[in-house]
Amino acid sequence: MASTEVRPVQADVAVGADAAPAEARPASTRLAFPSTLGARLAALRTVRLLWWPDLAASLVLVACTLAVYWPTLLGLGLYARSDTYTFFYPMFAVLHGSFREGGLPLWDNRIFAGFPLFAEGQMGALYPPNALAALLPNPLDGFLALRVFHVLVAVAGAYGFARCLGCLPLGSCIAGLVFGFGSFVVGQLHHASLIAAAVWLPTMLACVELALRRPGWSSFAYLALAALVLGTQALASHVQPLMLGGGLLVAYVAWRQIAAARFAWAALSGVWKRRRLVRSRGAFTVLVLLGVPALGAAIGAVQILPLYELSQESWRAAGWSYQNAIEYSFPPPNFITLLFPYFFRTVDSGQWSLWQHWEIVLYVGVVPLVLALVALLRVRHWSVGFFGLVALVSGFLALGGYLPLGLYELLRAVPGMDLQRAPARFTFLTVLALAFLAAHGADRLALAGRTDSRARSRARTRGRSRELLGVQLGSCVALVAILVQLVSWRAWLQGDRGASLQFLADTYLRLPRDPLQALTPGGVHAAFDASLDLANPKTSLPLLLLGAFVLLVACWRELPRLRRVWSGALVLLVATDLMLFASDFHPLVAADDLVDVGPVGEYLAAQAGGSRVLTLPDVDAPRPNQLLPIGVAEVGGYSPLQLDRHRWYSAAMGTADNTLLDLMGVGYVLQSAELPALPSYHQVAYHPGSPLLVGGSATPNGRLALEVPGDRATELRMVAALADGAAIGDGELVGEWLLTDADDVRRVLPVRAGREIADWGFGQPGAWTAHRPVEVAGSLPTGATGLGGTASRTLSYAAIRLGGSQVVTRAEYRHRHPSGRTVLYGMGLFDQRSERIGQFYRPTKYALAFRDGETLVHQNRAAFPRAFVVPEPVWVPSGPSAMEVLMHGPFDPATQVVLESASADQPAPAAAPFRAAPAGPTSADVVDDARSRLTVRATAPDGGYLVLSDAYYPGWRAAINGAEVPVLFGRTTCSAESS
């Protein structure tokens with residue numbers, strides 16, 4: 001029998017590790033690496049654990065997590081942003097309540113007038129950690145526990161995967177710190193579903209790596225575990241990290257298998273052996289690439305399929321436009337956050353970045369960044385090349401819309417990418433890649449700091465010392481270069497203010513940005529100057545950390561026998577940097593603030609009953625979704641997958657206060673008492689995007705009654721426009737004002753075409769009107785009217801004299817002409833004696849019910865019940881025509897319901913032979929309102945249509961007295977049943 005040569009070789013050298021000899025590693029990491037192929041492949045699959053070092057590293061990771069998140073763990077506070085209040089906590093509270101009741105939150109009428117919360121996905125109803133957290137008695141405790149849990153998953157997964165790659169506990173610990181406390185996990189922590197789907201990626205990669213290393217049936221066990229982790233990610237239901245992680249998995253397996261095959265190919269002789277190697281490795285690679293995603297998809301299908309169905313019913317069914325998709329791209333100047341994470345933050349916690357800062361900060365720590373560069377320059381390991389390429393490609397793609405030649409648009413051809421936006425989230429992979437590069441760099445630094453007393457190894461020791469000297473000198477040069485740049489730029493800003501202002505205006509401020517970021521050259525100049533100031537702690541800290549690293553390397557080189565001390569100091573330096581970053585990125589708020597809905601919320605919980613609530617955008621608190629846990633139904637809400645029908649309806653309802661709001665059963669309206677700054681003409685203020693009235697004669701929307709608190713007036717002033725009224729003749733009556741005085745005497749004031757009002761197309765190119773122009777109050781640019789369309793709109797002004805002084809108690813407007821619509825933007829009662837004008841009168845259908853600070857609660861006395869019966873249908877083709885009829889008629893909501901036929905080409909069904917007015921009284925009362933079932937007791941002696949003002953969604957079925965009947969629907973989002 002031929003003898004087998006046995007040579008000591010480090011395990012990860014098998015696929016191209018660094019060039020350091022095996023004896024340079026601790027003895028416990030060396031493997032006997034026989035020359036035979038089978039033995040070498042077996043050694044390749046071995047993962048050795050070092051008990052005490054691994055335990056110490058694990059304790060460091062846990063201690064760092066607790067040091068940053070101890071307020072969250074104790075229930076005192078958490079790092080939060082608005083999404084925490086308005087979406088993720090309310091959703092978890094609803095999930096907690098459903099689980100306590102023994103069910104799932106399939107459908108909830110307390111948001112969007114009915115919405116499939118389970119299908120929305122970001123609630124994570126089937127995500128196992130959510131289910132376990134929901135077992136806690138208090139939803140707040142469960143929500144806070146999940147925060148800390150996901151950080152622990154991130155650090156533990158990154159540590160475990162680094163160990164699987166052959167890294168020492170030192171490097172693996174740094175990998176865990178970087179991924180768990182780097183910019184992606186810390187910055188996106190308030191996006192609970194995004195983090196829940198992202199933090200499992202290193203764990204899945206570790207399972208796949210172990211499957212590729214282990215022979216026999218154990219490989220299939222690890223693959224099954226990887227698929228289970230992938231399915232867990234899918235159940236968290238944020239598609240973006242799932243897609244990014246899936247792409248990384250494919251690339252990782254392919255790269256890793258090719259690297260392993262190249263080594264094995266070189267060790268084999270004979271064509272047939274090499275062919276067998278290619279077949280076996282190719283087959284197993286295909287199994288991994290198909291089996292793991294397929295099994296993971298099967299696990300997550302129970303959540304992904306409803307999510308897909310909802311996405312097709314949502315306003316995002318057609319995908320994002322390119323301009324919307326590139327929002328939150330990573331601006332090239334923000335790569336400076338690799339060194340200065342707070343560079344675009346001001347001293348008062350403001351920001352001067354182009355987008356929200358949590359999306360466009362890329363930070364892994366100053367020292368880990370240097371270690372990653374060390375790995376790229378000095379470590380020869382297959383995973384270094386892979387993660388270096390991942391960091392480069394993901395950082396490049398994160399630029400999104402800032403890429404030249406529209407390169408990002410090519411990526412949107414990948415299936416599913418057209419549904420995603422925020423390209424800056426590609427930095428998820430950048431942070432992950434830099435974490436493992438830093439792990440390799442830390443290990444290289446540790447190996448370079450070792451000494452060998454044997455004479456034959458002295459030359460190698462001197463070489464390692466020179467390597468440490470190179471790291472030290474390189475870091476010193478970088479530190480000096482950064483200092484020079486900071487001082488030079490600041491001197492230029494202060495020395496030539498005019499040129500620097502122009503430079504910022506021509507470069508930084510010309511980049512695409514969020515229009516809500518109110519940036520000016522002067523403000524950016526001042527913030528830029530402050531960020532360059534070395535006296536700014538946020539600027540000086542990274543430089544001090546880099547200087548401390550230089551000192552540490554010098555000590556390591558001079559006193560290599562204290563390598564354990566220097567290794568601990570390296571971990572401490574990295575941990576301090578990243579812990580300070582994590583604890584200062586988001587504001588720490590009191591945990592009780594999540595459940596505090598304030599006096600307004602408490603009032604609504606006690607009074608609203610079956611009525612819905614509409615919270616206007618100008619209200620700061622409570623926001624719509626915050627009312628979910630206290631059982632208040634909100635006609636609005638927040639979800640990225642709002643139903644398309646409801647979105648259209650809400651937009652029309654929000655344009656002007658009209659019958660659509662009443663039909664939706666809105667019994668209470670929340671608005672701010674503080675009036676916004678509005679444009680005005682002759683003292684008449686008006687809101688360009690929210691008219692007081694939009695309607696014609698064939699709909700109640702053409703009437704408006706205002707309650708006036710006894711204002712004395714000599715004339716009525718109005719800013720208005722006539723829509724679709726170009727053909728109305730000069731002097732013809734368009735509408736009329738009815739003013740009621742203190743003695744209940746009515747006075748009628750006519751509003752005529754060419755006298756008090758004119759068509760809003762007047763003055764536009766090619767426009768023609770049959771009436772004369774009137775005084776122009778202004779012109780609204782494209783899209784500012786709130787009513788759609790592409791042309792700008794001309795506003796009319798009129799001052800109608802009352803013929804004397806009058807104390808007005810009520811003002812009512814009615815559109816009278818059979819064609820056209822009045823669009824009333826502003827109205828005021830002017831008194832010539834006092835030269836004062838009264839405005840902003842409350843519609844008579846409202847009564848002030850409650851006030852807390854600047855938040856007003858108005859009760860809507862014209863609200864329809866949630867369910868009611870009408871005798872007559874109005875059939876329209878499916879599509880926008882239904883909304884047109886609802887808005888502009890002919891339509892009477894008290895006796896009619898607008899229903900859509902199957903398609904615009906299909907003739908509408910014949911109307912049921914019901915009388916226009918029922919002979920007997922009708923009624924409809926909701927007697928049981930379960931989460932996925934609604935029972936209504938209705939009375940209609942002459943038949944009719946039961947109208948339910950809930951959002952329509954495919955899958956709803958209806959039965960009357962046990963017999964199934966068709967569910968009819970309209971653009972109103974109200975479903976109706978024939979009875």
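The protein has 27 helices and 29 strands, where helices (H or I, at least four residues) and strands (E, at least two) are DSSP runs, numbered from the N terminus. This is a predicted model, in which local features need pLDDT of at least 70, side-chain atom pairs count only at pLDDT 80 or more, and totals for chains, interfaces and linings use all residues. Residues are numbered from 1 along each chain as its sequence is written, and side-chain values use heavy atoms, with hydrogens and water left out.

**Overall figures**

- Of the 979 residues in the protein, 54% are buried; buried means under 20% relative accessible area, exposed over 50%, and partly exposed in between (1.4 Å probe, protein chains only).
- The protein exposes about 40,600 Å², and carbon and sulfur atoms supply 60% of that area. Accessible areas come from the Shrake-Rupley method with a 1.4 Å probe; for residues, only the protein chains shown count as cover.
- Among contacts between residues at least 6 apart in sequence, 75% join residues at least 24 apart. Contact means heavy atoms within 4.5 Å.

**Helix α15 against helix α22**

- Two packed helices are described by the angle between their axes and the distance between the axes.
- The axes of helix α15 (residues 366-378) and helix α22 (residues 537-558) come within 9 Å and cross at roughly 50°.
- Axes are lines fitted to C-alpha atoms, for helices over the stretch in contact, and angles run from 0 to 180 degrees between N-to-C directions.
- On α15 the contact is made by Val366, Val367, Val370 and Leu371, and on α22 by Pro542, Leu545, Leu546 and Phe549.
- The residues of the contact of α15 with α22 divide into eight nonpolar, no polar and no charged. Here Ala, Val, Leu, Ile, Met, Phe, Trp, Tyr, Cys and Pro count as nonpolar, Asp, Glu, Lys and Arg as charged, and the others, Gly among them, as polar.

**The four-stranded sheet**

- An open sheet of four strands has the order β5-β6-β19-β18, with mixed pairing. Two strands pair if DSSP finds at least two bridges between them.
- β5 (612-615) and β18 (846-852) stand at the edges with a single partner strand each, so one side of each is left without a neighbour in the sheet.
- Neighbouring strands of this sheet are turned by 25° against each other on average, direction ignored.
- β5 pairs with strand β6 (residues 666-672) in the parallel sense over four bridges, and threonine 615 stands opposite leucine 670 in β6.
- Helix α24 (residues 598-607) lies across β5, β6, β18 and β19 (855-860), and runs at about 135° to β18.

**Strand β22**

- In strand β22 (residues 896-900), five of its five residues are buried.
- In a regular strand the side chains alternate between the two faces of the sheet.
- Both faces of β22 are covered, with Gln896, Val898 and Glu900 on one side and Val897 and Leu899 on the other.
- Strand β21 (residues 872-876) pairs with β22 in the parallel sense over five bridges. Glutamate 872 stands opposite glutamine 896 in β22.

**Two residues in helices**

- Threonine 65 lies in helix α2 (residues 51-73) and counts as buried at 0% relative accessibility. Leaving aside its neighbours within four places in sequence, threonine 65 is in contact with Val148, Val151, Leu152, Val155 and Phe181.
- Tryptophan 255 has its place in helix α12 (residues 239-267) and counts as partly exposed at 34% relative accessibility.
- Not counting residues up to four places away in sequence, tryptophan 255 touches Trp382, Gly385, Phe386 and Leu389. The C-alpha atoms of tryptophan 255 and glycine 385 are separated by 9.5 Å, with the two residues 130 residues apart along the chain.

**Backbone details in loops**

- A cis peptide bond with omega of about -5° joins alanine 621 and proline 622. Proline 622 is found in the loop between β5 and α25 (644-655).
- Glycine 889 and proline 890 are joined by a cis peptide bond with omega of about 0°. Proline 890 is found in the loop between α27 (880-888) and β22.
- Glutamine 683, although not a glycine, has a positive phi of about 75°. Glutamine 683 is in the loop between β7 (680-681) and β8 (684-685) and is partly exposed, with a relative accessible area of 41%.
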